[in-house]
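Visitor: I'm new to this one. Could you walk me through how to read a few of its features?

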Amino acid sequence: MQRENRLFCNCCGKEICIEIGSRMEEYYHLRKSWGYFSRKDGVTQAADICEACMDAWLGSFQIPPERIERTELFEC
């Protein structure tokens, strides 16, 4: 959630540091536009989730998400 040019985790409310030149954090941006046959027809929802909350959320899944490890983090 962005507020006053600052980014906050929608789950825990912690500020996510994204300024260049200071300590930067990874975060997950979630965006879903709901379509027909849903109870949210025509609604778009967005959220930003810090790494700690993302780990906790994924850890609660009955079927864990697939984990794919990369050796190269940057592509040319």
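Visitor: Is glutamate 15 buried, partly exposed or exposed?

Guide: Keep in mind that this is a predicted model. Glutamate 15 has 32% relative accessibility, so it counts as partly exposed.

Visitor: Which residue forms a salt bridge with glutamate 15?

Guide: Side chains of opposite charge can pair when their charged atoms come close. Here the partner is arginine 6, with the closest N and O atoms 3.0 Å apart. Arginine 6 is partly exposed too, at 36%.

Visitor: How many salt bridges are there in the whole structure?

Guide: A search finds 3. One of them joins lysine 14 and glutamate 25, with 3.0 Å between the closest N and O atoms. Lysine 14 sits in the loop between strand E2 (6-8) and E3, and glutamate 25 in the loop between E3 and E4, so the pair ties together parts that are 11 residues apart in sequence. Another salt bridge links glutamate 69 and arginine 67 at 2.9 Å, and both of those residues are exposed.

Visitor: Is glutamate 25 buried or exposed?

Guide: Buried, because its relative accessibility is 19%, and buried means under 20%. Lysine 14, at 37%, counts as partly exposed.

Visitor: How many disulfides does the structure hold?

Guide: A disulfide is a covalent bond between the sulfur atoms of two cysteines. This structure holds 0.

Methods. Residues are numbered from 1 along each chain as its sequence is written. This is a predicted model: local features need pLDDT of at least 70, side-chain atom pairs count only at pLDDT 80 or more; totals for chains, interfaces and linings use all residues. Side-chain values use heavy atoms; hydrogens and water are left out. Buried means under 20% relative accessible area, exposed over 50%, partly exposed in between (1.4 Å probe, protein chains only). A disulfide is a pair of cysteine sulfur atoms within 2.5 Å. A salt bridge is a side-chain nitrogen of Lys or Arg within 4 Å of a carboxyl oxygen of Asp or Glu. Helices (H or I, at least four residues) and strands (E, at least two) are DSSP runs, numbered from the N terminus.
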